[in-house]
Amino acid sequence: MGTIFLVPLSLIFCLTCLSFAHPSEIADVFGFKVLRRVSAGHDFDLLIFTQQWPATACKEWKKRDHSHTCSMPPKADSWSIHGIWPTKFGQMGPAFCNRTWLFDPEQIKPIEDKLESVWVNIFGGTSLYALWSHEWTKHGTCAAILDKFNSEYKYFSMGIKWLSQYSMSDILQAKNIVPSNTQKYSLVDINNAIKEKLGVDPVIECKKEDDENFISEIRICFTKDLEPTDCDGVVWSLNFYGQTILSNCDKSKDITYPHYISNSLITQLHRLIYWLQWFTL
């Protein structure tokens, strides 16, 4: 009688799940080389590159719980990456295209230091890898049907590249739109600054608090050939004095572009005020 080989059920399960994959990725499962793919059914029309404003993200995080702390970029007043999101016209998605393709921190080790500076997990007290894991699992596994995104390294490297090319910090500053806790800016001016530079319609997202608009995210869209394109057709639009702007911001109010003030700086200011009061007695 010939030898009978028993194959572990876990291995059979893994091989079955991986039947959905893109042939360009090869994984090592229990010592076997197998293909990792993304379902061809998870197609999309555009890629949305989303940058977030850390000061607003921090404000929202602390609002959820006053004990929360924030992990800010080395330059607190600089836009950071939120993610690259494959998207169909008229909706957000697809998402979670291959739940078996788990995030592996070892794959991005060569660029981890850079990611810590520009693709920052603002939510202090959570894992260093929490944001990257979420973005890869939800969005990266869908973008991976394109060769230029078919690995973690490529996906996150493209984010770094795009931030250097399309930094909202640079684009807005060129039009004298800078972080401030006293000055506000019109939605039209922010939109025009971006559109004049890039030649495409961006998406401008706000968080509303105490009847104010706080700038939260700016999104620009790319074709599958990685060319900048209008985000029209992906989200709703506002008609602002005859100009179409893609935004959820309250168009009747100007926008706060908040400057981040750390707790240590606030403490120093309180000490200075106390010292001045004492000195003038």
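Reply: Let's settle one word before the pairs: a residue is buried when its relative accessible area is under 20%, exposed when that area is over 50%, and partly exposed in between. Glu112 comes in at 9% relative accessibility, so Glu112 counts as buried. Bear in mind that this is a predicted model.

Glu112 has a partner. Lys109 makes a salt bridge with Glu112, with 3.2 Å between the closest N and O atoms. Lys109 has a relative accessible area of 38%, so Lys109 is partly exposed. In general, side chains of opposite charge can pair when their charged atoms come close. The count for the model is 9 salt bridges.

Next up is Lys184, whose salt bridge goes to Glu212, with the closest N and O atoms 3.3 Å apart. Lys184 belongs to strand 5 and Glu212 to strand 7 (residues 212–222), so this pair ties together parts that are 28 residues apart in sequence. Lys184, at 41% relative accessibility, is partly exposed, and Glu212 is partly exposed too, with a relative accessible area of 26%.

Then there's Glu205 with Arg219, whose side chains meet in a salt bridge at 3.9 Å, N to O. This one links distant parts of the chain: Glu205 is in strand 6 (residues 203–209) and Arg219 in strand 7, 14 residues apart. Glu205 is buried, with a relative accessible area of 12%, and Arg219 counts as buried at 11% relative accessibility. Glu217 joins in as well: Glu205, Glu217 and Arg219 are linked in a network of salt bridges.

Now for two polar side chains in loops. Ser180 sits in the loop between helix 6 (168–173) and strand 5 (184–185). With a relative accessible area of 11%, Ser180 is buried. A polar atom of the Ser180 side chain lies 2.9 Å from the backbone nitrogen of Gln183. Setting aside residues up to four places away in sequence, Ser180 touches Tyr185, Thr256, Tyr257, Pro258 and His259.

Asp45 is in another loop, the one between strand 2 (32–36) and strand 3 (46–52). Asp45 is partly exposed, at a relative accessible area of 32%. A polar atom of its side chain is 2.7 Å from the backbone nitrogen of Phe89. Asp45 and Lys224 are 179 residues apart along the chain, yet their C-alpha atoms are separated by 7.2 Å.

As for the nonpolar side of things, the largest nonpolar core has 60 residues, and among those with the most contacts inside it are Phe156, Trp162 and Ile190. There's also a second, separate core of 8 residues, including Leu46, Val203, Val234 and Leu246. Back with Phe156, its contacts beyond four places in sequence are Phe103, Ile108, Ile111, Leu115, Trp119, Trp132 and Trp136.

Ile190 brings us to helix 7, where the buried residues are Leu187, Val188, Ile190, Asn191, Ala193, Ile194 and Leu198. Helix 7 has 12 residues (187–198), so at 1.5 Å a residue it should span 16 Å, and its end C-alpha atoms are 17 Å apart, which agrees. Just after helix 7 comes Gly199, with a positive phi of about 75°.

How values were computed:
Residues numbered from 1 in each chain as written. Predicted model: local features only at pLDDT ≥ 70, side-chain atom pairs only at ≥ 80, totals over all residues. Heavy atoms only, no water. Helix = DSSP H or I, 4+ residues; strand = E, 2+ residues; numbered from the N terminus. Expected span 1.5 Å × (residues − 1). Buried < 20%, exposed > 50% of the residue type's maximum accessible area, 1.4 Å probe, protein only. Core = buried A, V, L, I, M, F, W, Y, C linked by side-chain atoms within 4.5 Å. Contact = heavy atoms within 4.5 Å. Polar contact = N/O pair within 3.5 Å; in protein donor to acceptor, adjacent residues only side chain to side chain. Salt bridge = Lys/Arg side-chain N within 4 Å of Asp/Glu carboxyl O.
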